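Me: Hi! Could you walk me through this structure, one bit at a time?
Reply: Happy to, just ask as we go.

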Amino acid sequence: FGIIEGDHLALKQEFELFQDEAKQIVDQLEQVRQVDIDDARGEVVAYEEEIAPREAELDRKQQEMIELALSEQVAYSKTVPEKLLEWQQGQESSTRWMLLKPENLSASNGATMELEDDGAVFVTGKSGMGTYTFTASTDLEAMTAIRIEALADARFTGGGPGRGNGNFVLSEIQVDWTPEAVGDATPEPTRLVLHNPKADFSQTNYDVSLSIDGKIDNTGWAIAPKMGADHQASYELKESIGGAGSSLSFTFHHNYDANHTFGRFRVWATTSQVPVDFGLPLNIAEILDVEENQRSEEQLALLLTFFTDSDPGSQEHKKKVAEAKVPRPVDPDLKKLQEKLSRVEVPVPAIPKLVRLERAVKLSEQQLKNRRVTVVHDIAWALINSPAFLFNH
């Protein structure tokens with residue numbers, strides 16, 4: 001026991017003595033650090049002053065670009081009501097689409113799928129190849145086609161609709177229809193046969209038809225180089241189906257790579273006659289059915305918003321404004337100086353020897369509280385390391 005206490009006191013004394021030495025070392029390092037910080041900060045300030053006139057001129061030019069883009073957007077927006085009147089002509093025969101509400105959302109790659117207020121599904125979290133599955137209840141009678149909207153979104157690095165660089169590859173789409181249950185019987189789902197696919201744009205060698213070719217491989221519908229914009233595809237049904245209380249089950253296969261998957265999308269269905277076009281959402285079509293002078297302010301605002309969101313000219317001006325507002329990159333030399341300042345601002349690390357001694361003292365204090373156990377441990381280790389003991393036992 002005396003040996004244990006003596007060892008503890010010697011260790012504690014060594015720790016206390018080195019504490020003073022370590023403090024002197026840390027103080028010296030801290031002084032050097034403060035000098036380095038002052039020097040690095042001075043370099044940053046000096047360089048900022050040097051490039052200030054040039055940066056101010058660049059800021060002025062960017063502001064001019066923003067104001068020009070905004071003024072062009074405002075000028076174009078004044079033509080939108082007239083374009084809307086022209087667009088309304090001939091819309092009577094357009095396909096009318098009913099927005100479906102996805103439920104039971106699931107991604108086999110572990111991604112998180114959330115239904116947003118506008119009926120779109122937003123995908124976040126893990127990335128990877130796999131399937132998106134969901135159901136959608138519907139009371140539509142005699143459905144003739146379904147439509148997928150792949151939606152651009154600034155929340156994605158590539159601007160969407162895909163989660164990586166904006167592109168996606170829909171390897172295969174499968175849709176099952178299940179009628180309403182009658183009594184205790186569980187209805188069997190029917191795999192729908194999709195045909196006559198149409199897309200507003202298909203990438204070379206990645207035509208929309210490859211998304212219903214029955215092959216779950218690394219081919220499918222893709223949209224490069226037209227990323228950062230909304231896209232859509234429609235699929236007609238070989239046989240119309242539907243009925244009150246029925247449901248559709250969707251499976252989207254993404255089998256190209258981990259990054260070419262849908263980031264944001266919506267799904268629609270229609271009972272319009274085939275062949276279908278991309279047409280109109282049902283609520284917009286219903287507004288067009290109302291005489292112009294009978295439409296409410298809310299209906300007029302909704303119609304104008306829908307047209308503006310789908311009008312290529314409006315979207316182009318919106319994109320120009322967004323691009324003009326993108327913050328300018330930091331001057332590369334200034335960035336290097338700022339990184340240097342960040343490095344020298346890192347606090348002085350603890351002296352390794354002091355850390356080891358402090359831990360040793362704490363362990364020694366624990367040993368003093370259990371001195372009998374410590375003695376037993378020492379005896380056991382002495383025996384284990386004895387060749388005679390090992391030979392005999």
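Me: How do strand 3 and strand 4 pair?
Reply: Strand 3 and strand 4 pair in the antiparallel sense over five bridges. Strands here are DSSP E runs of at least two residues, helices are H or I runs of at least four, and both are numbered from the N terminus. Two strands pair if DSSP finds at least two bridges between them. This is a predicted model, where local features need pLDDT of at least 70, side-chain atom pairs count only at pLDDT 80 or more, and totals for chains, interfaces and linings use all residues. Residues are numbered from 1 along each chain as its sequence is written, and side-chain values use heavy atoms, with hydrogens and water left out.

Me: Which residue stands opposite Thr112?
Reply: Thr124 in strand 4 stands opposite Thr112. The hairpin of strand 3 and strand 4 has five residues between the strands, and Gly119 takes a positive phi near 85° there.

Me: What is the strand order in the open sheet of five strands?
Reply: The order is 2-5-11-7-8, with antiparallel pairing. Strand 2 (103–107) and strand 8 (190–191) are the edge strands, each pairing on one side only.

Me: How many bridges join strand 5 to strand 11?
Reply: Nine bridges join those two antiparallel strands. Gly130 stands opposite His254 in strand 11.

Me: New topic: how many residues has the largest nonpolar core?
Reply: The largest nonpolar core has 35 residues, and those with the most contacts inside it are Tyr235, Phe252, Phe262 and Phe265. A nonpolar core is a set of buried Ala, Val, Leu, Ile, Met, Phe, Trp, Tyr and Cys residues joined through side-chain atoms within 4.5 Å. Buried means under 20% relative accessible area, exposed over 50%, and partly exposed in between (1.4 Å probe, protein chains only). Strands that each supply at least two residues of this core include strand 10 (231–241) and strand 12 (264–270). Apart from this core lies another, of 10 residues, among them Val80, Leu280, Ala285 and Phe307.

Me: What does Tyr235 touch?
Reply: Not counting residues up to four places away in sequence, Tyr235 touches several residues, including Ile146, Leu194, Val208 and Trp221. Contact means heavy atoms within 4.5 Å.

Me: How many aromatic pairs are there?
Reply: The count comes to 14 aromatic pairs. Rings of Phe, Tyr and Trp (its six-membered ring) pair if their centres lie within 6.5 Å; planes under 30 degrees apart count as stacked, over 60 as edge-to-face and the rest as tilted. Phe168 and Trp221 form an edge-to-face pair, 5.0 Å centre to centre with 75° between the planes. Phe168 and Trp221 are 53 residues apart, so to speak linking distant parts of the chain.

Me: Why is the pair of Phe168 and Phe262 called tilted?
Reply: Their planes are at 55°, so the pair is tilted, and the ring centres are 4.7 Å apart. Phe168 lies in the loop between strand 6 and strand 7 and Phe262 in the loop between strand 11 and strand 12, so the pair ties together parts that are 94 residues apart in sequence.

Me: Is Phe168 buried or exposed?
Reply: Phe168 is buried, and so is Phe262.

Me: Last one: where is Gln91?
Reply: Gln91 is in the loop between helix 2 (80–88) and strand 1 (96–99). Gln91 counts as buried because its relative accessibility is 13%. Leaving aside neighbours within four places in sequence, Gln91 is in contact with Leu280 and Leu288.
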